[in-house]
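Notebook open, new structure on the screen. I want to look up a few charged pairs and then the sheet.

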Amino acid sequence: MFERPKSGERAALVQVDINCIPDAAVEEEFHQLALSAGAQIILAERFSRGEVEPRYYIGRGQAEALATAVKAHDIELIIVNAPLSPSQERNLEKLCNTRVLDRSGLVLDIFAQRARSHEGKLQVELAQLNHLATRLVRGWTHLERQKGGIGLRGPGETQLETDRRLLAARIKQLQRRLDKVQKQREENRKARIRRDMPTVALAGYTNSGKSTLFNMLTEADVYAQDQLFATLDPTWRRLKQAGGQTILMADTVGFVSDLPHELVAAFSATLEETARADLLLHVIDVADPHHLEREEVVMDVLKSIEADDVPTLRVYNKIDLRGEAPYIRTGAGGMAEAVFVSALTGAGVGLLTDAIVAYFNRDQKNGWLHLAPHEGALRSALYAEHAVSEERIAADGSQWLHITLREKRYQQIQSQYNRRLDLQTQTDDQE
């Protein structure tokens, strides 16, 4: 056993290329992840191998060279950009006499720092415990068996067995709490469906500018920083300048390559907001030279959560870094398929808003509706829907309302009030 450092800030980064050509983009992302976790990068090593070595993941000679460098630089933490098995972590820890973290553990640590809401903290803790469940033995090798001797023999648990039992109980407790949260989310989702409130979810690679764009579109104040995983907790706001419509938008967690499966499982309720949205905004950092590869990563994650069939509008962000002007690229039927914007400067955000509104307007009912003086309840309901853009009072006290409603909601209100909503192009006094 060795004393594990509390800070874990003086770090050595180990990039391992297994039977592949070294990729600078992968290494740069790894460095950004470590910095986002608060690591002070003292040493960076890169090893190439034809295959994984079962004992250390890297070769024995490479592991021994790493141990020498770690001792010389007084390293407190080794972070390996690879999926280490529990035994490989233990072996490297024993050889280097310091704590070892793999890529999944690093991402989990970042998520733990970023979680703000009660739900987010529950999700992160569940993911951490599932990850830890296979690694408990690292800390308890000195308590592997009960001690023998007079008064010490007999039935009972080892410390490791006790920890596993307590861990399993805590995981079940967290899962029950998250199930309750998921039921509440489902009720909220059903309420939005009943009111036919269209929803838009922002998706994209981490640090592509989703939260900055979200703030621009909704005039919200969601935390936005130039760092990986600045946003964990989904936030709902109304789209501003939506022409009287109520369009709800959700800012969600960013994706990253090799996202730990523990996180995907723990954040399933949150990721459902993406899969159940009416429209996805796939935000892409167009100034990133590797944005094509990262688009593929996002599409793979969307497929894994069964959101790849949700209608998608691509948003190419950060055009200010390339000195480009904003514009819309249209596809079949004249509908927008991509919008080029700068969330930081606001350039093109108006075009994006228009594209979102146009998408939801394609099946709308629009015109003048005549209401008798006694139909105040229907009038109030239409105002509650934000469907009324203009009202005129006739000489006999009746009202003319200019309304805009989506087809589905139009049919629901007709059924609810048992009344046809006959729309006209103009009022009687305009004829």
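I looked up Arg46 to begin with: it is partly exposed at a relative accessible area of 29% (buried is under 20%, exposed over 50%, partly exposed in between, with a 1.4 Å probe and protein chains only). Asp17, at 4%, is buried. Their side chains meet in a salt bridge, 2.7 Å from N to O (a side-chain nitrogen of Lys or Arg within 4 Å of a carboxyl oxygen of Asp or Glu). Arg46 sits in strand β2 and Asp17 in strand β1, so the pair ties together parts 29 residues apart in sequence. Strands are DSSP runs of E, at least two residues, and helices are runs of H or I, at least four, numbered from the N terminus.

A note on the source: this is a predicted model, where local features need pLDDT of at least 70 and side-chain atom pairs 80 or more, while totals for chains, interfaces and linings use all residues. Residues are numbered from 1 along each chain as its sequence is written, and side-chain values use heavy atoms, leaving out hydrogens and water.

Next I checked Arg419, which forms a salt bridge with Glu375 at 2.7 Å, N to O. The two are 44 residues apart, Arg419 in the segment after α13 and Glu375 in the loop between β12 and α12. Arg419 is partly exposed at 22%, whereas Glu375 is buried at 16%.

How many salt bridges does the structure hold? I find 15.

Last, the sheet: it is open, with seven strands in the order β6-β7-β5-β8-β9-β11-β10 and mixed pairing (strands pair if DSSP finds at least two bridges between them). I noted β6 and β10 as its edge strands.
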